[in-house]
Amino acid sequence: MNLTTYSTDPAGLQAFYEAIISAHDTYAPVEKFGKFDFTRVDSLSTCNTDSPIPKTMSVKPLFFPKSAKVMKYKATSEGTELTDTEEDPLAGKRVVLGVRHCDARSLQVLDAVYKWDYVDTDYGKRRENTILISTRCNEASTHCFCTSLDYDVEQLDAFDVAVINGLDEKVYLQARTEKGETFLKENATGLAVANGSAQEEMKKQFEKFASSFRLKMDYTEINEKMQGQFDSPEFEDVSSNCVSCNTCAFVCPTCHCFKISDEKLRDEGVRYKSYDSCNNVYFTLMAGGHNPRPVKYRRWRQRAMHKFVYYKERFGVNLCIGCGKCTTSCPVNISIFEVVNKVAK
Amino acid sequence: MARVGVFVCFCGANIADFVDVPAVVEEAKKIKEVKYAIDYKYMCSDPGQGMIRDAIVAHRLTSIVVAACSPRMHEKTFRKALSDAGMNPYLLEVANIREHSSWVHQKDKKAATEKSSDLIRMAVAKSMANEQLHEISVPVTKRALVIGGGIAGIQAALDIADARIPVVLVEKSPSIGGKMAQLDETFPTLDCSQCILTPKMVDVASHPYIELLPYSEVLELDGYVGNYKVKIKRKASYVNFDTCTGCGACWQKCPVKVPNEFNMGIDKRKAIYSPFPQAVPNKPVIDAEHCTMLIKGKCGICAKVCEKGSIDYTMQDEIIEREIGAVVVATGYDLWDPKPYEEYGVGRYKDIITSLEFERMVSASGPTGGVPVRPSDGKIPKSVVFIKCVGSRDEAKGIEYCSKICCMYTAKHAMLLHHKVHDSHAYIFYMDIRAAGKGYEEFVKRAQVETAATYLRGRVSKIYKKGDKLMVRGEDAQIGQVVEVEADLVVLATAVYPYKDNSDLARLLGISYDKYGFLSEAHPKLRPVETAKAGIFLAGCTQAPKDIPETVAQASATAAKVCGLFAGDTMLKDPMVSTVNTDYCTGCQNCVTVCPYQAIITEEIPLGHGSKEIRTVAKINEGVCQGCGSCVAICRSMAIDLAGFTDMQIINEIVSI
Amino acid sequence: MEAEVKEKIVSIEKPHVEAPPDWQPVIMGILCNWCSYAGSDLTGTSRLQYPPNIRIIRVPCSSRVDPWFIIKSLQTSADGVLISGCHPGDCHYISGNYYARRRFLVTKRLLNFVGFHEDRIQFSWVSAAEGPKFAKVVTKVTEDIKKLGPLHLYKKENISQT
Amino acid sequence: MNYTKQIQDIAGRLFSEEKIDVFIGYRNTGFDENQVPVLINQYKDVDQLLFTDKSVFNLANYLKYEHTRNKRVGLVVKGCDSRALNLMLTENQVKREKLFIVGIACEGVVDETGGKAQNCVECVMPDAVVFDEMLGTPSGKRDYQENSDIRALDGKSLTGRQEYFEEVFENCIRCNACRHSCPLCYCSNCCIDQETATLYHGANTTSSAFHALMTWSLHLAGRCVDCRNCEKACPSHLPLHLLHKQNEKVIYENFQEHLAGMIQDDRGAFYKYSLSDPDDFIM
């Protein structure tokens, strides 16, 4: 596989983006109520491809929306008839701009579960038809710790094209997958192929970026120590000021728990698959009334253990990509980083 | 699986002419849950009900929808049909396709048909959430409370007691008898009021099933139908009724004189008194406001003269409690104060009196020995003007309603005047003569003929004094002229007005009253003796102006209601009451605040299964709950639901069209 | 002089789609059992005619009406809601309609605030004797809502159309 | 506004006198300027406590959870927080004798931009209305003023408001953070999670967001104390205060009621009535 790197300047990048927007269904961060959502855009001016990290929501809703139709049914006096839903609005060919590396990594992590024992075809289709163009950050945000986790941020291939700032106002566009390579060939017309200094400049940029992290940890140690911490009294302590608001799970790029609900009207109904959260009291409530996780610390234990132990055991990767979105969104700023470090002590 | 049967009624032509009934049936059959649908000419008829009964069995139906007239009309009928077929009657829903569709959309059959189908769809949807309900049985305390010892209270108490149901009769004055005891003779037969009333009063006193509590007031009523608790204040009488023989020595010797209320203040009574000679119980009480012994601690004559030593100046008010199952309110009326009629000189001229004062004067046992006299000089009046509708039917100064009895008693007064003062002449100003009643019109005619009284149709505009006479100026509408009549005495037929503390009593009992203070019946036609609060009934003028026969009839009707209520050991109540799901209840007690019947109390339950910690939740007293649903709508956690109108039922209806 | 020029308040909802020519509104009527339902029965017995768009739900008292029912109605098939109870002071349950009155005002204003035309949420006091009034009220509400056109805000998806 | 020392002293005293089991206050996050709530169980941790104008979160919310159930709790409340606490007391959610309330005569907290928060500018009662010990000098009740956002929206056309709110409800992801962070949403089984709601609005669609937020705001009508915990928790940064302030305005203007939680045993406008309530909107 031979992946090309192109070189341009900020103006050239803008032109590249504009060309994409005019040629493809394009999604990019758009500001709404002070935060940035990945939304379908028609012009570059309405979006911000370099949206601030703490205020940008994840790209997850483009692949796993907050609510999606699964099927429809219609009941008549003869019986119940099932039908497929109308066309999936997210299944078309599209390009996503301004994705962060961590966010893109989350999709790689999710692929594991979505293509596991049951293959989610809707998700697969959405993934397949999407070109991810990722911007590498220049500086870590307060709650970022992606470099401390089990993936190579620098050489990540979770997205198709990486946009990396070089020296002297240079910008490099690097294909990371074959899909990206083809895409760049078709769309990066007029851009020069980068010269020899590109690799070095990109490396420097990464080193500068990597040195800007406030949070650092050794994930192998965490993974190892967490295993024996199921009964850790720390869970009670770290969850004491949690308000069980579910925000962390809803904004988390890797959280993928969902609920199934049938909404009906007269004799017809739609089955929906919507976000849910293990922080919700109802999440484990059983029909008989028993709830194995009625209290906050047990739910927090589940959250932390799932991210750093269970998922790792099953799929070999952590279910946390260190984006810090949960901590930013949390009304009381509970940090998953702090939690696992305290528990793994 | 739900199996609903839909029964669509033609109601003869009432529905069928404007709604395509077979099409509605076909439409109903398309609904998933409907397993059987049929139409019939008259669903409420016996064969119609038979169809329902048969179909329930034949098609194993789990709920029934009848599309017919308003549920307010035949819901009970159809519920009975369900019961007869062995099905819970509350699994019925009625789709109102007559009042709400065929009768109001007579010009658009298509729309009416569509709407009828929708109404059926809603009823089917609602019935999906219907649950089996069972009438609530509430234990009954078989004892009645009668408030007021006038003729209404006496009659009610006697009738109930005759059915061997204990009665507590509470009367605020020292003796029962009420207004009727003050009357001389009664229209239209002119029989002596005392003669017919006093035997009943004696019956009350001696009846083994009646507990008579004179000189007492109701303070508090708690509980609900069949299970009330009443607090009664027995005012201190300062006389030990158990030992007092009613000999009268005390009141003969008492030096304090007080205007006599029984005689409308025409003469004086003593500070220790029995209101009238035939009083029941015939025991005196001491008027604490006037007795010098009680005010200043001096005198004590009555105690000295009492041979039995029954006088006890240290006696205190006593509060007693009784458990009762039903209440009859018979607090009677007062005469309306004619003060606003300034042009009549009310209050300025002594020789203007009210009808009840006249009644006392002409009474053989009255203060003037049965002869009417002028209060100013004691002379016997020769020319007497009676003015009717003083207050009544006068929106400007008085009240809007007709007091009903004034026409009759004024005719009677003319007759009594004629009997007592043969050379007198009566002038009667009237607006109309309303004499509807058995023998009433004949009585008025007889009065007019026998007394030759002058009936003048018109309102009096002014009364002024000329010498020692009163000049009454009014219009005679029949000749269209202003007339002036020289009168020795003017008698005002003042309006019947509710007893002044009626509204306070109503609030205390938790029943409603109108703007005048008359207590409101549950339905003006069909439930004229019940109040909206179950187990409280109305008798006599406390509800509206009435004459004696009507009062007695209503009193007996209340007795019938009370006896009906007490017929079994328990009483059955509509199951449409609120229920609390304690799992969801947060114990905020907002429902307790909004319940108009105080039907919600709190209880403590374990926090969780087997838990030692407790939490407080709401609890509905089914006997009290009337099923309004106020609590349901304000319950944020939806812990309360109203049987028969559950959230699920209503939401099902909403989303079904 | 305050020269504040206020934006002219135009009380029209944003039309989402054109109403089909044969469109008829659906109005959810929630009536209390003792006054308004009885009044509507009287309208029937008096054979007074009114437009057939209203679908009536019987509740014991206007205080049984949770604002939820209004929201649910507007989110499903209804284009408008009419809630009717006893006149103040006439409540069969003493005080139910007073509690209801407060809730209704707040609900109506809130829905109007978020974009519903105020004519879509209407209330009336109709006594058991006011058959003619009920016919008049329903006629007015129907006309008002016909003028506004179909409601599309926050509707629960109409499943058969998608 | 800095009561760090006083609060540490009080908490320390309460622990040493064994009057409380847990103290709820604020501490620094340790990595930025923000403060987060902290539940302290022992004397040695009291030096974590602090209180400045960044002590934003309404701590009354923690009285809903298992950590404080049946325990003796000390907590810090500002004016708005104390009003919420007052309502929780009135609605029998907490027992007064189990609480030690440190009331603050609040001078206003800051918002994200560092300026004085809007709800503090419009605050009607900066001083704690229920407390055992008061810190600072009370400045007293202030006049009610209409929320500036409401005024701006009221000035818009109906279409304008409609478009604005359509975007609001579209952006709701139905995480329910608003209700979980609200001290007055203490129901153990929220009506939105019950069958009557989920059968028709169970998914996270715009329609069900509208349904849920409307129901939520009507359940808080006459009870919301404008602490804006909900807005702080909302990951979509939705202007949730608009719904509450609108209800508050209608209630204040029409029913002449006290604002929520201002006096004890006042349950809010929906749980009482007046014969003279407006009737002109009813046919």
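Pro188(B) sits in the loop that connects β8 (185–186) with β9 (191–192) in chain B, where helices (H or I, at least four residues) and strands (E, at least two) are DSSP runs numbered from the N terminus. The model is predicted, so that local features need pLDDT of at least 70 and side-chain atom pairs count only at pLDDT 80 or more, while totals for chains, interfaces and linings use all residues. Residues are numbered from 1 along each chain as its sequence is written, chains are lettered from A and ligands numbered from 1 in the order in which they are written, and side-chain values use heavy atoms, with hydrogens and water left out.

Most residues other than glycine have a negative phi, and most peptide bonds are trans. The backbone features below concern chain B.

**Cis peptide bonds**

- The bond from Phe187(B) to Pro188(B) is cis, and its omega is near -5 degrees.
- Val280(B) and Pro281(B) are likewise joined by a cis peptide bond, with omega about -5 degrees.
- Pro281(B) belongs to the loop between β15 (272–273) and β16 (285–286) of chain B.

- Met264(B), which is not a glycine, has a positive phi of about 55 degrees.
- The loop between β13 (257–259) and β14 (268–270) of chain B holds Met264(B).
- Met264(B) has a relative accessible area of 28% and is partly exposed, a class between buried (under 20% relative accessible area) and exposed (over 50%), computed with a 1.4 Å probe on protein chains only.
- Arg393(B), also a residue other than glycine, has a positive phi near 55 degrees.
- Arg393(B) is placed in the loop between β21 (383–390) and α12 (406–420) of chain B.
- With 22% relative accessibility, Arg393(B) counts as partly exposed.
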